[in-house]
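This briefing is meant to be read alongside the sequence and the coordinates.

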Amino acid sequence: MRKKNEIFIDPKVVKRVSPIGGCITTRVRRINEKKFKLIGEILTGSWDTTKQTIYDSRFHRDFLLFKSGKKSVYNWEGLYENIKTKGYIQNPNMRSVEVAIGRDGDILLVDGRHRLFCAQQLGIKEIPVDVVYSHPDYNFGNLKAIKDTIIPEIIHSKIAKKWDKAIKPYHTHGNVKQRLDFASKHLSVLDGCRVLDIGCNAGMFIWSIMQHAKSLIALEKQEKYYKQAQITVDCIKSLWGNNEKVKLYNTSFKNYALNNKPTCNALVASFVLYHMNNEEIKLLKEKILPLCKVVVIPTRAKERRSQINSLALNREISVRKLFTEAGFNVKVYKHKVRGYFVLIGTRK
Ligand SMILES: C[S@@+](CC[C@H](N)C(=O)[O-])C[C@H]1O[C@@H](n2cnc3c(N)ncnc32)[C@H](O)[C@@H]1O
């Protein structure tokens, strides 16, 4: 049975050996080995440009000796026959074959050459692997499993641990992750955009937005939440390698709109419009919406709180009205159970 988050690859895609792997040089120490069981470490450098193929190694020469019926150093027969008769079964007490992902998405062998050669030779279609290193320039573009499932899981649990130490973490509200997951499905409209996220709270949405956006400015007015969002941004940067694509400000939308010249071309306002007063809604209409070619507004169809702006903005009708009047084609996607919806507005 497949374990959750296990990554499978075709053994034939592995053609090169990572020089940071145990088989070539001394293994470099794995940072956060336990926490990052699958994704491993983001490692800079040119290690992924090695020309050393797996077929140049003494292990492969030894395997060929075995295949031609000659005496080999390693006793290949047991492993080979085992995989041949029983199929490739991952022993839960053993490490999976370990690989690294280069900047172009190439999969390089780190360790587990005996199993890899046997699996390749026997025409096994896929084997489970642990990704122990990734190059920071690799944007997880090719391995859909990593991009869609593993990174968000790791990020969420890694950040959540740190959030837990911070005061009153908002993300512990039972349904926050659920509704963020729902909204995340609709973010491809942000492809290549410069996004403004108003009220980012602890920054739970940042990773999902940055799967699509070119850059992000995230605003959070409450300091305690802003501090949590800083943790999130730091975690994301440590996984990505440093970059300047995300900027986080401890400010209200009003202050931001009055004191800056916004350059965004997309808006994300998730469960936040109903917090904004009439003055802020006016600023939003005048200063932000005219710049935007797309808006993403996850919110709830019915709000229990009292309204502080005249539009009763969290109700579907009034949210629709606001963005249609601002010149957007509006589509609404409803969550089956929870009464959430995500409004996507694109320029007419
Ligand atoms: C209900 S939470 C939603 C958080 C997050 N966007 C989400 O979808 O889970 C609203 C957040 O927006 C922040 N907020 C409310 N009004 C704001 C404003 N005018 N400017 C910036 N942040 C604001 C609050 O402090 C809070 O963290």
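In what order do the seven strands of the open sheet follow one another, and what kind of pairing do they show? In this predicted model, the strands of that open sheet run in the order 9-8-7-10-11-13-12, and their pairing is mixed.

**Chain as a whole**

- The secondary structure of the chain comprises 10 helices together with 13 strands.
- Of the 348 residues in the chain, 34% are buried.

**The seven-strand sheet**

- The open sheet, with its strand order 9-8-7-10-11-13-12, has strand 9 (246-249) and strand 12 as its edge strands, each of which pairs on one side only.
- From one strand to the next, the twist of this sheet averages 15°.
- Strand 12 is paired with strand 13 in the antiparallel sense, and seven bridges connect the two; within this pairing, Phe328 has Arg347 in strand 13 as its bridge partner.
- Helix 10 packs on the sheet, where it touches strand 11, strand 12 and strand 13, and the direction of helix 10 makes about 155° with that of strand 12.

- Which residues of helix 10 (residues 316-325) are buried? They are Val319, Leu322 and Phe323, and because these three cover an arc of only 85° around the axis, they fall on the same side of helix 10.
- Ile317 and Glu325, by contrast, are exposed and sit on the other side of helix 10.
- The cover over the buried residues of helix 10 includes strand 11 (294-300), strand 12 (328-334) and strand 13 (340-347), which are also the strands that helix 10 touches where it packs on the sheet.
- Just after helix 10, Gly327 adopts a positive phi of about 95°.

**Surroundings of the ligand**

- There are 20 residues around the ligand, and those that come nearest are Gly199, Asn201, Lys221, Ser270 and His275.
- How many residues of the shell around the ligand are nonpolar, polar and charged? The shell divides into 11 nonpolar residues, six polar residues and three charged residues.
- One of the residues that come nearest to the ligand is Lys221, and Lys belongs to the charged class in the grouping used here.

How values were computed:
Residues numbered from 1 in each chain as written. Predicted model: local features only at pLDDT ≥ 70, side-chain atom pairs only at ≥ 80, totals over all residues. Near = placed C-beta within 6 Å. Helix = DSSP H or I, 4+ residues; strand = E, 2+ residues; numbered from the N terminus. Buried ≥ 20, exposed ≤ 12 C-beta atoms within 10 Å, placed from the backbone. Arc of directions from axis to C-beta. Contact = placed C-beta atoms within 7 Å. Pairing = 2+ DSSP bridges. Axes fitted to C-alpha atoms, helices over the stretch in contact; angles between N-to-C directions.
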